[in-house]
Amino acid sequence: MVPMSAEPIVQIRNINKFYGDNHVVRDLDLDVLEGEFLTILGSSGSGKTTTLRMVGGFEQPTSGEILLGGENVADREPYERDVNTVFQSYALFPHMTIFDNVAYGLKMRKVPKDEIVRCVTDILALVQLTAFESRRPSQLSGGQMQRVAIARALVNHPKVLLLDEPLGALDLKLRKQMQLELKRLQRKLNITFLYVTHDQEEALTMSDRIGIMHDGVLEQVGVPKDIYEEPANRFVATFIGETNLFDGVISAVGGDIARLTIESGTVLGRCSGLKVGEMAAVSVRPERMRFSTMPVDGFSIEGIAREQVYVGSVLKSMVELPNGQEVRLERLASDPLPADGPVFLYWDPMDARVVQSPDQVVYKALQNATFL
Amino acid sequence: MKLNSHEFRSNTLPAAITVIPAVAWLAFFVAIPLVYVLVMSFCSLDEYYNVAFQFTLGNYADLLYPNYVQIYAQSIVIAALSTAICLALGYPFAYLISRTFREHKVILYMLVIIPFWTNSLIRIYGWRTFLGASGFLNAALVGLHLVDSPVDFLFNQAATVLGMTYDLFPFMVLPLYTAIEKLDEAQIEASHDLGAHGLSTLFRVVVPQTVSGIFSGCIMVFIPSLGAFYISDILGGGNSDVIGNLIQRQFQSGNNWPLGAALSIILIAITLILVKIYQSTGGDMESLGV
């Protein structure tokens, strides 16, 4: 864990990026703390790679600042920045040996020869490739090339290491292994990692903090637990893990609990920063959803139990609401739902999160509702 | 091995049908003329300057005339200069084409291709008209009072080198473009990322990975410029003969076909040696159009 008192090493200040009329990064602010492993997670086209490339210097932001160790580097060339990149395609130089590939950055910085030899030997030992230093990239496996790419960047001791989906080309088993390996290297060398991926499991496994990006907007930045349990909005709630969303309007707020009027009644959930009258959704994870065969005190939503699937120790069930919405539950296998019978769904308000919702989504959901 | 009729029909016959026309074509238009030239180069002349089928090595001995040796040297210098200039101009140009966006790429590409489609003789005469004593360039220079009398741009080695460079430029650019286009953009970014700026990246990452394009471009310019007699005729005016001029003269005004044949054989030998060198450095024969 990175202490919260750590200084920001990269400060991205109100960055915008346009390709022609295409607004790919919107008003993005992000601090990367010294020594942390921060992952930007998003689907393809979310602007995550463009953001990383702006930090690396391969793209210029249309507006905004990028501070590296307090200095604005937004207009500087990649070779004038103290950051290094691990490319998705590795981009190893095919005409050089592994040693020369790794030594390239040090040679460019005119480091004395004997020191180059020492540094390269050390880093190759760290990534367990000592025996390969005189080979060419074409003679290595995918996993080995990946490790060379990491060594070639790390040997320069950059202020920040940028990684653009570096494990994308590896098979699942190797990818899992490399995730742990990367985390080990990052802790050992204490170098800040800014990592980009579309794989949420990868992000949750490795990161100190995760930033969720969608349509050019950084939706939320936080530790993995907060991202999962305290999603900032409807998008984040659906993007990470599986969840059930009930759209509605906030009808009352008391402390950190809000009452939400939804199509099938009123429900409760934890809430922060939202006001009465706002459009919102309550997000309930399948494993937090409870059921009863009778209406319960407080609130409950009636539906019909439809499908149940055993997945090892867990039972995945689906309940259909009168409006057709499908609600997912995960229960212990010893506690099945009554087949095709009426059930009443409820939850502990502390287990549900009320999230902001773009108005049009809620409006659509409420259009057919009886109470409007 | 004995073939049964089924095997013949399913393997041998289709193979023969597809291969025979190509083999026949090559035999008729390449192999037979080449053998003819080779045989001719060992023939002698009778007293009426007719080819006599009488074996001699005299033609090859005649190749060592001091005047001829001087022209070989001159031809090699002209070819080497043209190649060097084509490479120096063609590499940045090919780099530019391969690294620009689509619409501009087509325009740049067409700048090379359209002259390439136009008859080379016409383009070379165009230069003669442009550079001549009463040509456009001299008219402009005199008109602007930059010079008092027309400058002699034509009829020297420089004019021949200019013509060769101009005429053969596409042959340099196209293989270079192919080689540079294949290079992954991330290679250049990785080099920049590791602290190398433009020139370092060019010489340490881009050039080493496009060597085969450089070699093939050089061969495609060097070899034709040894033979392109019409360019040295039109622009060089007899002051900058290349090997091609010697050959052409033996077959026409000199009426000494066996000597022309021997010269041709030497030119073919030079070509083969260069291609062999290219191949031994790992060059890819496809990018030579072979």
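**Strand pairing, helix packing and the chain contact**

A281(A) has V355(A) of strand 20 of chain A as its bridge partner. The model described here is predicted. The bridge belongs to a wider pairing. Strand 14 of chain A, residues 279-284, runs antiparallel to strand 20 of chain A, and five bridges join the two. Strand 20 of chain A spans residues 352-356. Four of the five residues in strand 20 are buried, so this strand is mostly covered.

Helix 4 of chain A covers residues 142-154. Helix 5 of chain A covers residues 172-189. Two packed helices are described by the angle between their axes and the distance between the axes. Here the axes of helix 4 and helix 5 of chain A come within 12 Å. They cross at roughly 20°. Angles under 35 degrees count as roughly parallel; helix 4 and helix 5 of chain A are therefore roughly parallel to each other. The crossing of helix 4 of chain A with helix 5 of chain A is right-handed. Helix 4 contributes G143(A), Q146(A), I150(A) and L154(A) to the contact. Helix 5 contributes L174(A), M178(A), L185(A) and L189(A). Six of the residues in this contact between helix 4 and helix 5 of chain A are nonpolar and two are polar. None is charged.

Leaving aside residues up to four places away in sequence, L154(A) touches I123(A), L161(A), L189(A) and I191(A). R109(A) lies 45 residues from L154(A) in sequence. In space, the C-alpha atoms of L154(A) and R109(A) are 14 Å apart.

Chain A also meets chain B. The contact brings together 18 residues of chain A and 15 residues of chain B. On the side of chain A that touches chain B, two elements give two or more residues: strand 6, residues 83-86, and helix 2, residues 98-108. Helix 2 of chain A gives the most, with three residues. By class, this side of chain A comprises nine nonpolar, seven polar and two charged residues.

Technical notes: Residues numbered from 1 in each chain as written. Chains lettered and ligands numbered in written order. Predicted model: local features only at pLDDT ≥ 70, side-chain atom pairs only at ≥ 80, totals over all residues. Contact = placed C-beta atoms within 7 Å. Axes fitted to C-alpha atoms, helices over the stretch in contact; angles between N-to-C directions. Parallel < 35°, antiparallel > 145°, perpendicular 65-115°, else oblique. Left-handed = near helix turned anticlockwise from the far one by under 90°. Nonpolar A, V, L, I, M, F, W, Y, C, P; charged D, E, K, R; others polar. Buried ≥ 20, exposed ≤ 12 C-beta atoms within 10 Å, placed from the backbone. Pairing = 2+ DSSP bridges.
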